[in-house]
Amino acid sequence: MKPQRPDGSADQRPAASAPGTPVRITAVPAPLSDDVSARARRYLIQMTIRVVCFLGAVVVDHWTRWVLLAGAVVLPYVAVVLANAGRERRSDPGTYLDAPTPPVLPPGPGPAGRSGAAD
């Protein structure tokens, strides 16, 4: 049975295989709060760029006005897709130790009822 947290949810920490065995933390992802704040920060930066594009489209009287306007129209779609992309998937680097070889069974006495001699 997995240990319970005070809120009643199951503890998701990996159990050590033996006492004294260190727990690998290289495969542990970043905390969810860090991931959410990074995505929110990225979205805020993209929306700031969108506002600059709109203001530039109003101020500039040149062909670049249409490029800025196109950027202001397309950027929200890209920002929402990136903000909703979710957490990065990290692959487990695996272990760098060779697995122990399993023990080999000794040869058996042979099939039952046979003496090994030809009839």
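Me: Which residues does alanine 57 touch, not counting residues up to four places away in sequence?
Reply: This is a predicted model, in which local features need pLDDT of at least 70, side-chain atom pairs count only at pLDDT 80 or more, and totals for chains, interfaces and linings use all residues. Residues are numbered from 1 along each chain as its sequence is written, and side-chain values use heavy atoms, with hydrogens and water left out. Contact means heavy atoms within 4.5 Å. On that basis, alanine 57 touches Arg65, Leu68 and Leu69.

Me: Is alanine 57 buried or exposed?
Reply: Buried means under 20% relative accessible area, exposed over 50%, and partly exposed in between, with a 1.4 Å probe and protein chains only. Alanine 57 has 8% relative accessibility, so the class is buried.

Me: How are helices H1 and H2 oriented to each other?
Reply: Helices are DSSP runs of H or I with at least four residues, numbered from the N terminus. H1 covers residues 32-59 and H2 residues 64-83, packed at about 165° with axes 8 Å apart. Axes are lines fitted to C-alpha atoms over the stretch in contact, and angles run from 0 to 180 degrees between N-to-C directions. Angles over 145 degrees count as roughly antiparallel, so H1 and H2 are roughly antiparallel.

Me: What share of the 119 residues of the chain counts as buried?
Reply: The secondary structure comes to 2 helices and 0 strands. By the cut-off already given, the buried share of the 119 residues is 11%.

Technical notes:
Parallel < 35°, antiparallel > 145°, perpendicular 65-115°, else oblique.
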